[in-house]
Every structure is written in structure tokens, then in C-alpha cells.
Amino acid sequence: MEKTISIVSAIDNNYAQHYGVMLVSLFENKRLDTNIELYLIHNILSKKNKKKIRLIVSKYKSKINFIQINPDKFKDCHVDNYVTVATYYRLSLESLIPKDIDKIIYLDSDILVLDDLIDLWNINITNYSVGAIPDTLDYDANHKKILEIPESATYFNVGVMLINLNKWRESNIEINAFQYIKNHKNIRFRDQDILNILLHDKCILLPPAFNAMVFSPNTAWYKEQKKVYIVHFICANKPWLLWSKHPFKKRYYFYLRKTPWKLYIPRKFYIYPDITYTNIKYSFLNKYPKIFNILRYAKKPFKLFKA
């Protein structure tokens, strides 16, 4: 029997490519009897990026709904070089997603889906507003104190959430979230802090395999996992950066090659204190992208990009 899973994400043009990679990983690893309906919240996504995303969705015979949001709604939200206004779009899910949708999975764009998500979708959250995974900051009692949430409460990560939209609407999450933003200017982790303040006692904890926040192959809990459904690229160690040594970097490029962004070149080059052959090599290739791509797809590509 076929099942349809509703999935929502929020991006700007900066993360369109990574959203595309996430989609390919999602489609490549889903079962044949699992249907996916996508909702993408954005603000003035370029025609070029929309076309590329549609090409991916069409290739896998799925459906996507583009939801353009009014940026004026987020005028009080703090943004900087790291956090864009798109970070806050998930706060408006209850008013943006059609009323007949009562359950949805929220996925950040900086993730890879490595298995079918029907096991996540089938988790019963009837009595909860959200299902999520403890964040790496859960141990920080001082941060919880600042947010005025109990030390015994679990501080969860909002990059992957199983959401009961009926409960969100009943609790007026959107109204309360923007009221909090208006009254509190110094929010350390933006929307994640806000959702923890509003939902810490309405959250059911999910297995960490549904949001594997892996920093390195030596991440303790990851080494104990027999199965991982979702890998989340948190913090600065993003696999698309040239200097990144993330354990799933090769997997990211494997799916990237199946997208319209397959010729992407990681241009960000960091000079390390010790000038090595590797540094000189990538410095040269950044200046000559055509040579970079010839070598990247050669029979013996650089180890960094070998899938």
C-alpha cells in the first residue's frame, strides 16, 4: 500500500544547491511504495534555481509546491553573515501549509537522507506538537537557564522535525514566536531557541538516527549506530567547503553529481600556516576551474572528490 509523506523545507538562493542535493538523496533512498509531496518556502528564489529544482523533482516523478513568503513579516528578526532571514521561515508553517495537512516532516537543506523516511513518518505524535532529536547543546544547563526552560527539559535540534500541525495551530506557535522575537532581541540560536521555549514540554524525543549530527568519524554515538536515516551537516564543517574533512563529504559529492549543480566548484580556499603541496594544488585549481573539473571527473580524481 502506497503512502504519501509531506515534507517542507525553507531556503534562499544561497542554499538552493544543497537543497537539490538533499532532494536527490531523499529520492534515491526512498522505497517504491513511498510517495513524496514537497513544500518549499522561499523568498524570491531565482528562476534558474527554481528550474533546477523542478528538473530534479520531475526526474523522480514527484510533486513540489513553491510557497513564496512576504519578507516584511520577518523585519524584527535578527540576521547576520551566518543566519539569514530564511532561518525563521519555519516559524510560519501553520499558516503557510494547507489546512488539510495535519502532519509534516521539516527538513533543513544541509542534510543527506540515507534511507526511506516512512519509519519516521509512522511515529505516533498525536499527543505532541513535535518530534525531534536532542541537540548537541542539550548538556548546556546555563543556556537552558537563559531561555528559562527547566534543566530537566531536553533542548532539541530543529533541523529535522516531525510536526503535528494541528497542535501547532492550537498553540498559536506562529503568533507566540513573533511576539517573543519582538520582545527579545538577543536570541543566541534564533528560531531554535524560540521553538524550544515554546515546545520543550510538547516534544517527543526521536532516535538520533533520524538526525545524525556527525562532526567526524570519531563522533562517539555515531560509531554505535547500526542504521542512520539522516545526516545533518551542523556548524561550520560543511561538506561543500574546500577545506572540509567531513566523513560524509564524498557522499555529498556523489549525490551532487546527480543534480543540475554537478559542475559546482568549491572556491573557498583557506591558507593554512603550513604551505603544503595540497594547498598549492587547490589554490591553482581555484584559478583554473576548467582544469579542476577535468581532473575531478578523470579516472583517477583527487581523493577529496572520489565517491
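Reader: How many salt bridges does a search of the whole structure find?
Author: The model is a predicted one, and what is reported here was computed from its atoms. Among the pairs found are Arg31 with Asp33 and Lys238 with Asp110. When the whole structure is searched, the number of salt bridges found is seven.

Reader: Are the side chains of the pair Arg31 and Asp33 buried, partly exposed or exposed, judged by relative accessibility?
Author: These two side chains meet in a salt bridge, with N to O at 3.4 Å. Buried means under 20% relative accessible area and exposed means over 50%. Because Arg31 has 42% relative accessibility, and because Asp33 has 29%, each of the two counts as partly exposed.

Reader: Which residue forms a salt bridge with Arg90, and how far apart in sequence are the parts that the pair ties together?
Author: The closest N and O atoms of Arg90 and Asp191 are 2.4 Å apart, and the two form a salt bridge. Arg90 lies in the loop between strand S3 (63–68) and helix H3 (93–96), whereas Asp191 lies in helix H8 (residues 190–199). The partner is therefore Asp191, and the parts tied together are 101 residues apart in sequence.

Reader: Why do Arg90 and Asp191 count as buried, and which residue is linked with them in a network of salt bridges?
Author: The cut-off for buried is under 20% relative accessible area. Arg90 counts as buried because its relative accessibility is 6%, and Asp191 does so because its value is 3%. The residue linked with Arg90 and Asp191 in a network of salt bridges is Asp108.

Reader: Which residue pairs with Lys238 in a salt bridge, and is Lys238 buried or exposed?
Author: Lys238 lies in the loop between strand S9 (230–232) and helix H10 (249–256), and its partner lies in the loop between strand S4 (103–107) and strand S5 (111–113), so the pair ties together parts that are 128 residues apart in sequence. The closest N and O atoms are 2.7 Å apart.

Terms used
Residues numbered from 1 in each chain as written. Predicted model: local features only at pLDDT ≥ 70, side-chain atom pairs only at ≥ 80, totals over all residues. Heavy atoms only, no water. Salt bridge = Lys/Arg side-chain N within 4 Å of Asp/Glu carboxyl O. Buried < 20%, exposed > 50% of the residue type's maximum accessible area, 1.4 Å probe, protein only. Helix = DSSP H or I, 4+ residues; strand = E, 2+ residues; numbered from the N terminus.
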